[in-house]
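Student: Please go through this model with me, one question at a time.

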Amino acid sequence: MARANGRPGSAGWTPPVADQAAGLRALLAGVSGPGPSPPAAEEAAGTAPAGLARVMAITSGKGGVGKTSLAVNLALALQQMGTKVALVDADMGMANVDILMGLVPERHLGDLVEGRCTLDEAICAGPEGVVVLPGASGLWELASIRGEPLQRLLQEIRRLDRLVDLVLVDTGAGIGEQVLTMLRATPEAVLVVTPEPTSLTDAYGLVKVLARSGSLPRLHCVVNMHKSAHEATAAANRLRTVARRFLGIEITPLGSVPFDPVVSRAVLDQVPLLLRFPHSAAAGAVREIAGRLAQAPASQRSRSGGLSGTLRRMLRGWA
Ligand SMILES: Nc1ncnc2c1ncn2[C@@H]1O[C@H](COP(=O)(O)OP(=O)(O)OP(=O)(O)O)[C@@H](O)[C@H]1O
């Protein structure tokens, strides 16, 4: 469980205190066993086993485009709309979901992967009841676990799959091996770009590498930090058009978030934008994107099985 940072000025949400942590534990206790493993035939047929969470990566070709800010605030917006959300910080180099949410986690994903703690101990109660699995390490370690420790981990992750409706995974940026392995295994991904040519080029580069591997998630895109609606539309269209024309891949635009100085102020306060500046233009834009995301049909391709299914595919990718 996590401690709150207790920073003065962290207004806008009540940080997790003992009873919230206990509430989360109680919720997990209600999800008693690991549940049935999704049968191989079901997975091959591409039908999602009932009760397992939809999984979506939040990724980018270039760093610093606002991927983590979007992941945190999308999680909040969706939760406020009634979707139960878990946010997994899998950005190993720059794991900072906890910082943006004002949490001080005692455990993280790496501890769970290496069997040093249970899921209950690794997760934190974030604002609005978002379940947060903080990062730091754990992805490389995943590649080498086998046998009994792996089965234990999969059981724990299946509990998370049945606790929430949606798992958002904040990945690292770029085309590193960890990110690619994760994206090849993930059913859906939101590609975050800014209107800058470097961001669009790097995003296209990422899609191209994934396309060559023949295994890529259903792709959505969000244009962040735009200066005008026209600029945002032009950027989304450019990315869409080149991906369709040269790679034969569809990227569905989900909307855009304007450049808004309150985003950085919320980061400084370590309070998510949606709670610190709920009436800002950027917060409104995030809520619109969340609405579209909730409406978009979940991917049913042979990629079902919640986060535990994604994990199994990642392990096959590394094998
Ligand atoms: N819409 C926005 N308007 C203004 N500033 C923004 C906006 N979105 C993000 N930022 C700022 O951009 C910076 C980078 O954001 P963030 O850390 O979320 O990006 P990232 O893509 O996750 O970066 P990294 O690759 O380092 O993980 C932060 O200072 C954040 O406050």
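Student: Where does Glu-128 lie?
Tutor: Residues are numbered from 1 along each chain as its sequence is written. This is a predicted model, in which local features need pLDDT of at least 70, side-chain atom pairs count only at pLDDT 80 or more, and totals for chains, interfaces and linings use all residues. Strands (E, at least two residues) and helices (H or I, at least four) are DSSP runs numbered from the N terminus. On that basis, Glu-128 sits in the loop between E5 and E6.

Student: What is the phi of Glu-128?
Tutor: Most residues other than glycine have a negative phi. Glu-128 is not a glycine, yet its phi is positive, near 65 degrees.

Student: Is Glu-128 buried, exposed or partly exposed?
Tutor: A residue is buried if 20 or more other C-beta atoms, placed from the backbone, lie within 10 Å of its own, exposed if 12 or fewer, and partly exposed in between. Glu-128 has 16 other C-beta atoms within 10 Å, so it counts as partly exposed.

Student: What is the order of the strands in the open sheet?
Tutor: Two strands pair if DSSP finds at least two bridges between them. The edge strands, each pairing on one side only, are E5 (124–125) and E10 (251–258). The sheet is open, with eight strands in mixed pairing, and its order is E5-E6-E3-E7-E2-E8-E9-E10.

Student: How many bridges join E3 to E7?
Tutor: On its E6 side (residues 131–133), strand E3 (residues 85–90) pairs in the parallel sense over three bridges. There Ala-86 stands opposite Val-131. E3 and E7 also run parallel, with Leu-87 opposite Leu-168. The bridges joining E3 to E7 number six.

Student: Which residues of E3 are buried on the two sides?
Tutor: In a regular strand the side chains alternate between the two faces of the sheet. Six of the six residues of E3 are buried, so the strand is largely enclosed by the rest of the structure. One side has Val-85, Leu-87 and Asp-89, and the other has Ala-86, Val-88 and Ala-90.

Student: What angle does the direction of helix H3 make with that of E7?
Tutor: Helix H3 (residues 67–80) packs on the sheet, touching strands E2, E3, E7, E8, E9 and E10. Axes are lines fitted to C-alpha atoms, for helices over the stretch in contact, and angles run from 0 to 180 degrees between N-to-C directions. By this convention H3 and E7 make an angle of about 175 degrees.

Student: Which helix lies across E8, E9 and E10?
Tutor: Six bridges join E8 to E9, which run parallel. Nine of the nine residues of E9 are buried. The helix across E8, E9 and E10 runs at about 150 degrees to E9 and is H11.

Student: Which element gives the most to the largest nonpolar core?
Tutor: A nonpolar core is a set of buried Ala, Val, Leu, Ile, Met, Phe, Trp, Tyr and Cys residues joined through C-beta atoms within 7 Å. The largest has 93 residues, and Leu-74, Leu-87, Leu-168, Cys-221 and Val-286 have the most contacts inside it. With eight residues, the element giving the most is H3.

Student: Which residues does Leu-168 touch, not counting residues up to four places away in sequence?
Tutor: Two residues are in contact if their C-beta atoms, placed from the backbone, lie within 7 Å. Leu-168 touches Met-56, Ile-58, Ala-71, Leu-74, Ala-75, Val-85 and Leu-87.

Student: Which residues around the ligand come nearest?
Tutor: The shell around the ligand draws two or more residues from each of H3, E9 and helix H12 (262–269). A residue is near a molecule or strand if its C-beta atom, placed from the backbone, lies within 6 Å of it. Of the 20 residues around the ligand, the nearest are Gly-63, Gly-66, Lys-67, Thr-68 and Ser-69.
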